[in-house]
Amino acid sequence: MRLFKHTDIDFLGKRKKFYAVSIVFIIVGLVVLFLKGIPLGIDFQGGTEMQVRFNAPIEVSELRGAMDKAGFAGMEIKSMGSASDYLLRTPLQGEGQTVADKIQTGIKENIAGKDFQVMRTDKVGPKIGKELRTNAIYAIVFSLLGILIYLALRFQFVYAVGAVVGLFHDVLITISAVAIFDAIFPQLQLEFNQQMLAAFLTLIGFSVNDTVIIFDRIRENIKLFKNEDIEQVMNKSVNTTLSRTIITSGTVFLTVLVLFIFGGEVLRAFAFTFAVGVITGTYSSVFVSSSIVVDWKHRIIDKNKGRVSLSKN
Amino acid sequence: MKKNLLRIILTVIFIAAAIMYLLPTYQDYQIGKQLAGLTGQDSLDFVTKNADKIKKSRDGRIKLGLDLKGGMYVVLDVDVVKLLQDLTKKKDDATLNQILDDLRNVPETSDIPLMEILKQKLKEKGLNLKSFYGEVRDSEADVEAKLNKEVDNAIDRAVEIVRNRIDQYGVAEPQIQKIGGKRIIVELPGINNPGEVRKLLQGTALLQFQLLKDPESAVKVMQSINSILVGKQITDSTGTKSNKLDSLKSKDLVTSKDSTKKELAGKNDIKKDTTKTKKDIAKKETNKKDSTKTNKKDSTKKTDTSKLAGDTSNLKDTSQANLSEEEFKLKFPFFYLVRLNEQSGTADGYVREQDKEKVDLILKREDVKSIIPSDVMFAWSQRSFETGGEKIFTLYCLKKDAELTGKVIEDARSNIDPQSNTPIVSMSMSSEGSADWARITGANINKRCAIVLDNVVYSAPVIRSKISGGNSQIEGMGSVQEAKLLEIVLKAGALPAPLKIAEERSIGPSLGEDSIKKGLTSSLVALLLVALFMIVYYRTGGSIADLALIINVLFVVGIMASFKATLTLPGIAGLVLTLGMAVDTNVLIFERIREEMGSGKPFRTSVDIGYKKAFSAIIDAHVTSIITGIILYQFGTGPIQGFALTLLFGLAANLFTAIVITHFIFDMLIEKGKHVSIG
C-alpha cells in the first residue's frame with residue numbers, strides 16, 4: 001500500500017505565503033498571551049493545590065461559598081470533567097497548619113452531608129517554584145543550544161540556524177495554542193507545570209527529528225544534483241521524504257490522540273501540547289527551517305553572483 | 001554469515017539479560033496475586049515461608065513512582081533563621097531578635113543569602129556577628145565561616161534524624177536524598193497522611209543517654225516474654241518462681257546461647273561486633289589501665305553467666321543435643337528470634353533483619369507489655385552487622401529513665417586518635433551537664449551507657465572511669481564513617497536541625513490507581529493501533545518492525561529494572577514516544593527501500609542500500625533527541641527525570657533494534673529465498 005507516489009509539489013515556492021501564516025499565528029498567540037498571561041501552574045509560581053472527589057455531585061457555587069467562608073475568598077476552583085471532581089488552588093502556602101488542612105476543614109465545616117476524599121495535594125514553596133522555573137528555562141535554552149551545535153557540526157551553520165528558528169517557532173505557536181485553548185476550555189487544565197515542560201522538550205525533540213530527516217536528504221541530494229538551484233533540490237528532498245513525514249507524523253499524532261482521549265487527566269495536558277507540537281513541528285520543518293535555508297542561500301548567491309553552492313558536503 | 005552470527009549472539013544476549021532483569025518484577029506480581037487470594041493466618045504463613053523469595057523479587061522489581069502508586073513527596077529546607085536563633089549566645093537580646101524577625105520576612109525568592117543580609121543589618125546597628133556568635137579570640141570572618149558550616153552541618157543532622165524516624169515509622173522503600181548540599185528530598189510511597197509525616201519530619205530530635213539494664217535482669221525480662229509466648233503465665237517476673245520452672249529456664253537460656261553460636265556460624269564476627277559495641281567512654285586512659293579494667297569486667301561477666309547457668313550446667317549438653325532447631329523454635333520462640341551470646345557477657349539480643357518486625361510485634365503485645373517492668377525498655381541498634389550474608393540487628397534492654405539528654409552537649413567532633421590511630425569521637429558538655437555526667441559516670445563504672453536518638457541506639461559504650469570536666473572521648477569505632485555518624489548524632493542532640501517544608505506533594509492511592517490504569521490502557525491501545533497500521537501498510541516489513549517494537553519495549557523495561565529506575569507516568573509517556581521514534585526509524589528505512597526498488601534495483605540490493613542511506617538520518621535524529629533527553633534529565637526533577645530516563649533508554653534500545661535486529665531478520669529471510677513484502 002502506498003499513500004503518496006512521486007509527488008512533485010512546489011512547497012518552497014509558497015514559502016512567503018506560509019511565512020505570513022506563521023507570523024499571523026504567532027502574533028495572535030502573543031496577543032492572547034499578553035492579555036491573559038501564561039497560565040502558570042503552582043510548580044512554577046508556588047502555592048497549594050488540592051484535588052478532591054465528592055461522593056455526590058456538587059455545584060461549583062456551593063464549593064466556592066464554602067471556601068469563601070473558610071477564608072479563601074476568590075480561590076481558583078476548577079471542575080475536573082465531572083460534577084464531583086474539583087481542583088482547588090491558592091497561591092498561599094503556609095507553614096505549620098498548612099493551607100491544605102485549612103481547605104479540608106473548610107469543606108468539612110461548610111458543606112453538610114457530602115463526603116469527599118482528597119485525591120492529591122501539592123504544595124510548592126515560592127523558592128522551589130522559582131528554581132523550577134529557572135531550571136525549565138535552562139532546560140529549553142540548553143537543549144536548543146545543544147541542537148544548534150550538533151547540527152552546525154553535522155550540516156552547516158545555516159541549517160542549524162534554520163532548525164533552531166523552526167524550533168522557536170514551534171515553541172511559540174504551542175505556547176500560544178496552550179494559552180488560547182486554556183481560555184476556551186479551562187477544564188483541559190492546560191497550564192505550565194513540570195509535565196508541560198516535558199511535553200515541550202519532547203516536541204522540540206520530535207520537531208528537530210523531522211527537520212533533520214529532511215535536511216539529511218537535502219545533504220544527500222545536493223551532492224547528486226550539483227547543478228540545480230538549492231530551491232529545486234530542497235523541493236525534491238521534501239517531496240521524496242513526504243511519504244515518511246506524513247506516515248511518521250500521522251502515527252505519532254494518532255498515538256498522542258489516544259493518550260489525549262484515554263490517558264486520564266494526568267496525561268491530558270501533556271498529550272494536548274505534544275499533539276499541537278506534532279502539527280507545527282511537521283509544518284515548520286518545511287515552511288520555516290527549510291525555507292530559511294533557501295532564502296539565506298539565495299541571498300549569498302545573489303551576493304556572489306553566479307557561484308552556486310556553498311555546500312561543504 | 002559471520003556478521004549475522006555476531007548479530008544473533010548480541011540479540012540473544014540482550015534479550016536474555018532483559019528477561020533476567022524482568023523476572024523479579026514478574027515474580028513480585030505473581031506473589032502479589034497469590035497474596036491477594038489469601039487472608040489472615042494463611043497470608044502470614046505464606047509470607048514467612050517465602051520470605052526470601054519475596055524480598056528478592058521486591059528488591060529487583062521495577063519500582064513504581066509516587067504518581068502511580070500514591071504516596072508523599074516532601075522537600076525539606078534548612079530554616080536558617082531558626083538555626084541562627086538557636087545558635088546565638090544571647091538568646092534574649094532584643095536587637096538581635098528584632099533583626100532575626102526581619103530576616104523571617106525577607107521573601108524566600110531573594111537572591112541575596114540570608115547571612116549577607118544579617119551582616120548588613122548588624123552593621124547598620126553598629127554590631128557584628130562576633131558579639132552574638134563568636135568567642136573573644138575569633139575574627140569576624142572566622143565566625144561567619146563557622147556559621148556557614150553550621151548550616152551545612154544542619155542538613156547532615158537532619159538527614160540522619162529524618163532517616164532514623166522514617167525507618168521507625170515503617171515505610172516500605174523510602175527514599176531520602178540530600179540534594180545540592182542544602183536540601184533533603186523524602187519520598188514515601190504508599191503513605192497518605194500528610195499531618196503525621198509533617199510531624200515526623202519536623203519534630204525536634206531527642207537524644208538521650210540511657211544506661212543498659214544489667215545483663216542478669218535483662219535476661220530475666222526476656223525469659224518472661226518467652227514464657228508468655230509459649231503460653232506459660234508467670235505471676236511475678238522478678239520474684240520467686242517454682243524450682244522446676246527456674247531450672248527449665250536456665251536450661252533454656254543456655255541452649256539458646258549455644259544455638260546462637262551454631263546459628264550465627266561466624267563466632268568471630270559477633271565477637272568483633274561486641275568489641276565494636278564496647279566503645280569506651282574515657283578520658284584518655286593508658287593501655288594498661290584499660291586492660292585491667294577489661295579484665296575486671298570479664299570476671300564480672302563470668303560470675304554473671306555462671307549464676308545464670310546455675311546448677312543445671314550438667315543438663316546443658318544433653319538438652320542441646322536433644323533439641324532440634326524446630327523444637328527450639330517451639331519451646332523458646334522469643335530466644336529463637338532474639339539470640340543471646342554467652343561469651344559477650346551482655347544481654348544484647350541479636351536479631352536477623354527479617355525477624356525485626358516480628359520482634360517488634362511481640363514487644364507491642366498487650367500481655368507482653370504488661371510483664372515488662374515499668375523501668376525497662378527495649379531499643380534497636382541503628383547499625384547492623386553481617387554474618388553469613390544476613391543482616392543482624394542488636395536489641396538492647398535499657399533503663400527507661402534517661403540519665404541525661406543531649407541538650408547538655410556543647411560540641412562533638414570525630415577525629416583520629418594520634419596515639420592508637422583509631423577513630424574517636426570527643427564530646428564536650430555544658431558546665432551543668434558536666435556535673436551530672438561526673439556523678440553518673442562515677443556511679444556506673446564498667447556499666448554500659450547507650451547513646452539513644454529518637455529511641456534508636458547508636459552506640460552503647462562501656463563507662464571506663466568517672467568523667468569530670470565534661471570532656472568525654474568515645475573509642476572503638478570501626479571506621480571513620482561510623483565516628484562521623486556518631487558525631488552527627490551527638491550534635492543532633494545538642495542542636496535541633498530546624499527544617500521547613502519547601503515542597504509537599506501527596507497523591508492518594510486511588511488517583512495513582514486511576515492514572516496507572518488509564519495510562520497503561522491508553523498506551524497499549526495506541527501501540528496496538530500503530531502496530532496494526534504498520535502491518536497493513538508495510539506487510540511483512542511491518543511485522544518485522546512490530547517484532548522490533550516488542551523487543552524494544554522489553555529492552556527499555558529491562559534496562560529500567562537493571563538500573564533500579566522508577567517508572568512514573570511521564571515515564572510511560574516517554575516510553576510511548578520512543579516507540580513513536582522506533583516506528584519512524586522503520587518507516588524511514590522502508591520508504592528508502594521502496595525508493596530504491598522504485599528505481600529498478602533488485603530487492604536484496606535495495607534493502608542494503610536502504611539501510612545504508614537511512615543510517616545517517618537515523619543517527620542524527622537520535623543524537624539530537626538524546627541531547628534533549630540528557631538536558632531534561634539534568635534540569636528536571638522527580639517525574640520529569642523519569643520521562644527523560646525512559647526516553648534515553650528507549651532511544652538506545654531503538655538504535656540497536658532498528659539497525660541490528662530488523663536488518664538481520666531481513667537478511668535471514670532473503671537468504672532463505674523468501675520474498676519479503678514491504679507493501
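The model is predicted.

Start with chain A. It holds nine helices and four strands. Along the sequence they follow the pattern α-α-β-α-β-β-α-β-α-α-α-α-α. Of the 313 residues in chain A, 48% are buried. Consider next the contacts in chain A between residues at least 6 apart in sequence. Of these, 79% join residues at least 24 apart.

Now turn to the contact between the chains. Chain B gives 58 residues to it, and chain A gives 56 residues. On the side of chain B that touches chain A, six elements are listed as giving two or more residues. They are helix H10 (194-202), strand E17 (499-507), helix H22 (509-562), helix H23 (569-598), helix H24 (603-635) and helix H25 (638-671) of chain B. H22(B) supplies the largest share of that side, with 15 residues. By residue type, this side of chain B divides into 30 nonpolar, 16 polar and 12 charged.

Within it, A:Val124 stands opposite B:Glu503. E17(B) also pairs with a strand of its own chain, E2 (residues 71-78) of chain B. Those two strands run antiparallel too, joined by eight bridges. Here B:Tyr73 has B:Arg505 of E17(B) as its bridge partner.

These pairings belong to an open sheet of eight strands. The order is E2(A)-E3(A)-E1(A)-E4(A)-E17(B)-E2(B)-E4(B)-E3(B), with antiparallel pairing. At the edges are strand E2 (76-79) of chain A and strand E3 (175-179) of chain B, each pairing on one side only. Neighbouring strands of the sheet are turned by 20° against each other on average, direction ignored.

Next comes a helix pair within chain B. Two packed helices are described by the angle between their axes and the distance between the axes. Helix H5 (residues 80-87) of chain B packs against helix H9 (residues 140-169) of chain B at an angle of about 110°. Their axes are 11 Å apart. Angles of 65 to 115 degrees count as roughly perpendicular, so H5(B) and H9(B) are roughly perpendicular to each other. Their crossing is right-handed. H5(B) makes the contact through B:Val80, B:Leu83 and B:Leu87, and H9(B) through B:Glu150, B:Val151 and B:Ala154. The contact divides into five nonpolar residues, no polar ones and one charged.

Two backbone details in chain B close the tour. B:Arg539 lies in helix H22 of chain B. Its phi is near 50°, a positive value in a residue other than glycine. B:Arg539 has 16 other C-beta atoms within 10 Å, so it is partly exposed. B:Lys564 lies in the loop between H22 and strand E18 (566-567) of chain B. For B:Lys564, phi is near 55°, again positive in a residue other than glycine.

Technical notes. Residues are numbered from 1 along each chain as its sequence is written. Chains are lettered from A and ligands numbered from 1 in the order in which they are written. This is a predicted model: local features need pLDDT of at least 70, side-chain atom pairs count only at pLDDT 80 or more; totals for chains, interfaces and linings use all residues. Two residues are in contact if their C-beta atoms, placed from the backbone, lie within 7 Å. Ala, Val, Leu, Ile, Met, Phe, Trp, Tyr, Cys and Pro count as nonpolar, Asp, Glu, Lys and Arg as charged, and the others, Gly among them, as polar. Two strands pair if DSSP finds at least two bridges between them. Axes are lines fitted to C-alpha atoms, for helices over the stretch in contact, and angles run from 0 to 180 degrees between N-to-C directions. A residue is buried if 20 or more other C-beta atoms lie within 10 Å of its own, exposed if 12 or fewer, and partly exposed in between; C-beta atoms are placed from the backbone. Angles under 35 degrees count as roughly parallel, over 145 as roughly antiparallel, 65 to 115 as roughly perpendicular and the rest as oblique. A crossing is left-handed if the near helix is turned anticlockwise from the far one by less than a right angle, and right-handed if clockwise.
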